[in-house]
Amino acid sequence: MISFENVSKQYGGTIILEKASFAVNEQERTGLIGANGSGKTTLLRMLSGEEEPDRGTINKPTALTIGYLPQEVEVFNDKSALEIVLMPFQQLLLFEERMQSIGESAPTSDERMTLAKIDALHTAMEVHDGYSLQARAEAILNGLGITSKLWSQPVRHLSGGFRMRAVLGKLLLIAPDFLLLDEPTNHLDMDSLVWLEKYLSRSRSGMLVVSHDRDFLNRITTFTAGIGSGKVIVGAGNYDHYMRVREDTLANDLNRAKNIAAQIAQNERFVERFKAKATKATQAQSRMKLIERLHAQMPDLPAQRQATIRFSFPVPKPTGTVPLQLKQVHAGYDDGPAVINNLSLSINRGDKIAIIGPNGAGKTTLLKLLAGNIAPLSGRLETGSNIIIRYFGQHQLEQLNPAKTCYETVMQDSVNTEKTFIRNILGAFLFIGDAVDKTAGVLSGGEKARLVLATILASPGNVLLLDEPTNHLDIDSIEMLSSAMAGFAGTIVFVSHDEYFISRIANRIIEMRPGLVRDYPGTLADYRFYLETLFGGESASAGTMVRPPENNSVAEEKTQRLKERQERKKLQRAIEKCERSIETVEADIARLERLLHDPANACNHELLHRTTIAHAAAQASLEKLLQEWETKQSDLEALG
């Protein structure tokens with residue numbers, strides 16, 4: 001096991017972990033989830049040894065080898081993708097040369113040492129299957145979408161996404177005992193994502209994975225760890241199962257806390273009522289001890305969760321029936337061949353189109369073409385009436401005014417300048433509190449991308465063209481964005497590899513591959529199955545999809561919970577009735593005591609006799625009621 005014992009970590013005033021104790025099994029695939037800024041990357045860095053906890057200890061098996069994929073990978077500008085993948089195995093790749101070198105040095109060296117070197121080299125070749133390293137490296141690069149024509153190019157000529165894939169490929173080839181993967185699906189197209197899922201599901205390595213792609217987590221992980229409020233809670237099952245259990249647990253804890261609070265209040269009233277009476281001092285002390293026990297039993301509820309932000313687009317001005325149409329278009333860039341050839345495509349009003357396919361097929365080029373950012377090399381783009389296009393692409397990050405605050409940036413073009421509207425949009429993209437007053441010039445690349453997306457949502461026009469809009473968003477923000485876009489009355493064309501996001505929005509799928517653009521006739525699930533067959537064998541998720549454990553007694557458990565709930569309500573009503581009776585009897589006792597102590601009744605022996613008898617009966621009735629109240633309180637406490 002990898003265990004954290006009373007670990008604390010903070011940056012300035014931000015607490016990441018506070019005396020956190022938890023463990024993950026190094027042989028399991030665990031998803032690490034939490035809001036942006038909750039400390040997921042910090043936890044991975046501590047496990048990798050790149051950071052140390054402020055206090056507490058992290059225990060790992062001595063022989064455990066760990067591989068870490070950070071979000072920002074090391075720069076290898078002069079190396080090719082294939083060289084990066086094979087870097088850890090250079091000595092094995094030179095096996096023949098090394099064996100020859102050892103043999104040539106044998107006459108002048110110790111024979112035992114020479115044999116030991118040869119034995120060690122053969123062992124290393126066997127452990128790492130050295131004779132197939134090159135072939136396996138090439139297969140991994142192919143699977144990650146780096147084609148053979150790019151293998152020998154220095155990675156400085158490739159995008160940051162391709163560099164990340166090369167580093168990921170190196171980790172996969174090393175196959176350490178335990179992988180730390182920080183957003184491994186960023187920059188992966190759907191082809192590569194399906195391949196990676198298959199590869200990881202067959203890997204013997206354990207792993208701790210951070211991802212905003214809930215479908216990826218659902219297919220890959222067998223355990224889930226949630227980080228937040230300085231703590232980490234680990235549970236069996238994938239993301240969906242973990243969230244269901246967490247919500248059920250929270251609901252039960254809230255109900256239990258409510259019941260305990262009611263019991264505490266009832267006992268406090270009892271103590272307040274009898275603390276001044278000498279005859280009830282023992283019972284009052286007993287109730288005070290009970291109150292202490294009840295406080296100790298109060299469940300540890302999480303801090304108040306931020307209200308879920310719900311955002312809806314304003315109703316856009318209607319466009320013509322066909323807002324965008326391409327007719328026999330060839331498109332590309334000045335320094336290369338055409339990326340899109342002879343494409344005719346009609347986009348209809350109200351379409352929500354997901355463009356999917358491997359990197360390099362022209363998805364971004366198509367969006368730029370539709371946005372008017374590049375002109376067709378031949379053919380034409382026709383636009384319908386009344387269209388107002390908003391385009392989201394990486395180049396727009398540079399167009400932000402670095403001197404304007406986030407609030408000012410969103411407000412300047414917003415269709416609604418109400419403060420609440422602007423702050424809701426900013427909050428949806430993780431700009432909360434003082435963050436809205438940050439200037440664009442000090443934001444990170446991911447923050448700039450979120451800010452540009454926020455400006456688009458503040459003034460969406462009626463045709464949205466979005467290139468990977470979910471990058472840099474956490475799961476809750478993706479949920480918000482998908483809900484808003486699903487309800488948008490305009491037209492949307494977007495590129496994404498996030499299956500959850502696509503499935504929530506798209507009513508049409510366009511597949512792009514080199515030399516091919518087609519309306520895919522099926523659903524996203526059909527398309528995934530189609531991709532999985534491209535890799536051969538069974539579905540990537542077949543046999544690996546983690547489902548909640550089967551429970552044949554769900555109905556019995558529901559019946560039992562319902563019965564307990566009814567019994568709890570019955571006891572609470574009985575206790576309330578008992579307390580009302582106690583108050584009535586106490587009032588009678590007080591009235592009878594006034595009669596007994598009234599000087600005017602000193603000579604009325606008959607009245608005093610009847611009153612004394614009635615007072616004794618009332619006292620006996622009160623004792624009985626108090627005993628009944630105590631019994632029912634104990635029964636309620638036992639139910640929890």
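This is a predicted model: local features need pLDDT of at least 70, side-chain atom pairs count only at pLDDT 80 or more; totals for chains, interfaces and linings use all residues.
Local features were taken at pLDDT of at least 70 and side-chain atom pairs at pLDDT 80 or more, while totals for chains, interfaces and linings use all residues. Residues are numbered from 1 along each chain as its sequence is written, and side-chain values use heavy atoms, with hydrogens and water left out.

Side chains of opposite charge can pair when their charged atoms come close. The structure contains 23 of them. One of these joins Arg269 to Glu579, with 3.1 Å between the closest N and O atoms. Arg269 belongs to helix H10 (residues 239–274) and Glu579 to helix H19 (residues 554–597), so the bridge ties together parts 310 residues apart in sequence. Helices are DSSP runs of H or I with at least four residues, numbered from the N terminus. Burial was classed by relative accessible area: buried under 20%, exposed over 50%, partly exposed in between (1.4 Å probe, protein chains only). Glu579 is buried at 8%.

Arg380 and Glu382 form another salt bridge, with the closest N and O atoms 2.6 Å apart. Both residues are partly exposed: Glu382 has a relative accessibility of 26%, and Arg380 has 45%.

A further bridge links Arg610 and Glu606 at 3.0 Å, N to O. Both sit in helix H20 (residues 605–639), 4 residues apart, and are separated by about one helical turn. An α-helix has 3.6 residues a turn, so residues three or four places apart point the same way. Arg610 is partly exposed, at 45% relative accessible area. Glu606 is exposed, at 57%. Elsewhere, salt bridges with shared partners connect Lys9, Arg45, Glu50, Glu51 and Asp54 into one network.

A disulfide is a covalent bond between the sulfur atoms of two cysteines. With a cut-off of 2.5 Å between cysteine sulfur atoms, the count is 0 disulfides. Cys406 is buried, with a relative accessible area of 0%. Cys603 is exposed, at 70%.

A pair of aromatic rings is described by the distance of the centres and the angle of the planes. Phe270 and Trp629 make a stacked pair, with 5.0 Å from centre to centre and 15° between the planes. Phe270 lies in helix H10 and Trp629 in helix H20, so this pair ties together parts 359 residues apart in sequence.

Tyr527 and Tyr530 form a tilted pair, at 5.5 Å centre to centre and 50° between the planes. They are 3 residues apart in helix H18 (residues 524–534), or about one helical turn. Tyr527 is buried at 0% relative accessibility, whereas Tyr530 is partly exposed at 22%. Together with Tyr520, these two tyrosines form one aromatic cluster.

Charges over rings were also assigned, requiring NZ of Lys or CZ of Arg within 6 Å of the ring centre and within 35 degrees of the ring normal. Arg287 sits over the face of Phe270, 4.2 Å from the ring centre. Arg518 sits over the face of Tyr530, at 5.6 Å.

A nonpolar core is a set of buried Ala, Val, Leu, Ile, Met, Phe, Trp, Tyr and Cys residues joined through side-chain atoms within 4.5 Å. The largest core has 50 residues, among which Leu426, Phe429, Phe431, Leu451 and Leu481 touch the most other members. Helix H15 (residues 445–458) gives the most to this core, with 8 residues. Contacts require heavy atoms within 4.5 Å. Excluding residues up to four places away in sequence, Leu481 touches Phe429, Leu453, Leu457, Pro469, Leu473 and Phe501. A second, separate core holds 44 residues, including Ala137, Leu141, Trp151 and Leu217.

Helix H12 (residues 363–371) has as its buried residues Lys363, Thr365, Leu366, Leu367, Leu369 and Leu370. Gly372 follows H12 with a positive phi, near 85°.

Notes. A salt bridge is a side-chain nitrogen of Lys or Arg within 4 Å of a carboxyl oxygen of Asp or Glu. Helices (H or I, at least four residues) and strands (E, at least two) are DSSP runs, numbered from the N terminus. Rings of Phe, Tyr and Trp (its six-membered ring) pair if their centres lie within 6.5 Å; planes under 30 degrees apart count as stacked, over 60 as edge-to-face and the rest as tilted.
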